[in-house]
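Welcome, and thanks for taking a look at this one.

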Amino acid sequence: MKQINKGIFWLFILMVSFVSNGQKKTLPRINTRDIESQFIEGMRFYLKEDYQEALLIWESLVSEKKNDPGLYFYLAKANAILSNESNAFLYAEKAHVLSPASLDYGLFYADLLLKKNKVNEAIEVLTKISAFDESQPEVNTRLAQAYLFLEKGEEALKALEKSNHYIGEFPAIIKTKQFIYLKQKRFKEFAAASIPFLENFPEENLLDWPLLEYFNPADSVQYMPVLDSLQSLYPGMKQIDLIKANNKLASRKYQEVENLLKESLSDERIDAEIYGYFLADFMKGLAKNKDSFQLKPLSKAIEDKFPQNAEIVYLSAEIARQNMDHKLAQEKYLQAINLGSKHPEAFAELVSLDMQMEQKDSALVHAERALAVFPSNPFFFFQKGFVLANREETEQEIKTLVAGLPFLTSGMGFYVNYYSMLGDAYHAVNKMLESDEAFEKALKENPEDDHVLNNYSYFLSLRKENLEKAYNMSKKLIDALPEEPTYLDTHGWVCFQMGKYDVAYTFILKAFQLSENPSAEIIEHLGDVFFKLNKPKEALKYWKEAFKKDNSDKILEKKIQKKDFIEN
């Protein structure tokens, strides 16, 4: 089946968004013979937006009014609103067949055909309707859109030409022509088609964002003379300055970009949405050139114009983050959220920045707020779990992560980390079976994950369980990362627990030597292996050194006092 072009979807402005409204009820029995009064009663419910009740009444009339196209038309509309698309389509077809000259019935049926991607059938219906009035603008704009679905731009233009004398009332005629000309890079025809729009709709934007995307800087030699000419006729039309700014951005003329952008802000017709799209595009372009800092004055100028626009403030936060201004980014993300931003990234970045700045209380509040807005997004369960882990609230961490599991699916970028964190948490509360199960799920997704291989093998070694499996996992890890001290120490400790003290010594010593600042754990392990190699003086030396780094370890303290190895 032919796919509908993304740009064409923008032109199909009459597509209805349907919402579900509950379960269908059993049809009541009609006790009155007054069919028309019953139809009117159904219309009352329809106008009150009680579509289910309207359907109950109207469906009971079908046997009595089976040749009434009006009844089928309203049955189709009510079903469409309730997302009963098959019923809507069936009734719309009946209404059109019974009254093929009806504009309303035909247009509605054609809309449903287009929605189902039955483009040729829609064209057939619209063509039949146009036979009664070939200049009808609602018919011809839909015909044009249908032809565009089939990439038949010239046929679309012919349909639009038939409604030219309605241009002052139907801006969709001009917008569709603009789209066709821009797609075909016919910039002169685009300008000619734009003049009637500027004359008839002086308070409206000449270009919506989908049209602006067709002004590729690579084609600027072709379109800039035409746009300059158009702007000389209508000097207050500053959208062209945005196109110029985009071209200057491509050539890294940032001061000119800033000047043009600020000049465009004087045009009250340009809304925040268009500036948001431009800022997002600027961010992509500048990030490639590592010039994101150039965006700061641009975003500030736009934010000053639209201080209460959540999207603009969110983009300002993104720009601050790109520029490594974490405090400003944190402030702007929170401001955007308070203004109603529903970008999941805004919440995720805010929590991340809170943690980066060691503001754990704020991070927890914001993670919970994210879950209130996105209750089925597993990433926010993961984030909250991470915050709780750092707050050492392990039971709550487990509770949070388990609550998010129904929404977690294989293939998610954080799937392995999710189960890895859950495995760590279960280990911390001595739920070893659950810990192992979590690690196994993580390894099934990615058998090479270094964190899982390290922690799982180390935890098994601490319990002296399944040591062969622990050995294989830790060996795989050090084969891949032979210079990583933590992983060398883990493999050494697995060998230690297997009684392979000479091998353990080799790896733990290497871990010690490669560490710029060895952990108390690595130093203690080195002492332990010396003890098992009958070198008690060296063992005591390293135990004491480890205790200087961590004097809270009671078992280590007893080792020093007794000068003897004690099992953890």
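A residue is called buried when its relative accessible area is under 20%, and exposed when that value is over 50%. Please keep in mind that this is a predicted model. With that cut-off in hand, let us turn to A301, which sits in helix α17.

- A301 has a relative accessibility of 12%, and because buried means under 20%, A301 counts as buried.
- Beyond the neighbours within four places in sequence, A301 makes contact with K262 and L265.
- I243 lies 58 residues from A301 in sequence, and the C-alpha atoms of these two residues are 17 Å apart in space.

**Cavities**

- How many cavities of 30 Å³ or more does the structure hold? There are 3 of them.

**Lining of the largest cavity**

- Around the largest cavity you will find E85, A88, F89, L112, K115 and K116 as lining residues.
- Two helices, α5 (85-98) and α6 (103-115), supply at least two residues each to this lining.
- Which helix gives the most to the lining of the largest cavity? That is α5, with 3 residues.
- By residue class, the lining of the largest cavity has 3 nonpolar and 3 charged residues, with no polar ones.

Technical notes. Residues are numbered from 1 along each chain as its sequence is written. This is a predicted model: local features need pLDDT of at least 70, side-chain atom pairs count only at pLDDT 80 or more; totals for chains, interfaces and linings use all residues. Side-chain values use heavy atoms; hydrogens and water are left out. Helices (H or I, at least four residues) and strands (E, at least two) are DSSP runs, numbered from the N terminus. Buried means under 20% relative accessible area, exposed over 50%, partly exposed in between (1.4 Å probe, protein chains only). Contact means heavy atoms within 4.5 Å. On a 1 Å grid over the protein atoms alone, a cavity is a set of points where a 1.4 Å probe fits but cannot get out, and a pocket is an open set with protein on both sides within 12 Å along at least five of seven lines; lining residues have an atom within 4 Å of a point. Grid points are joined across faces, edges and corners, and a volume is the space filled by probe spheres set on the points. Ala, Val, Leu, Ile, Met, Phe, Trp, Tyr, Cys and Pro count as nonpolar, Asp, Glu, Lys and Arg as charged, and the others, Gly among them, as polar.
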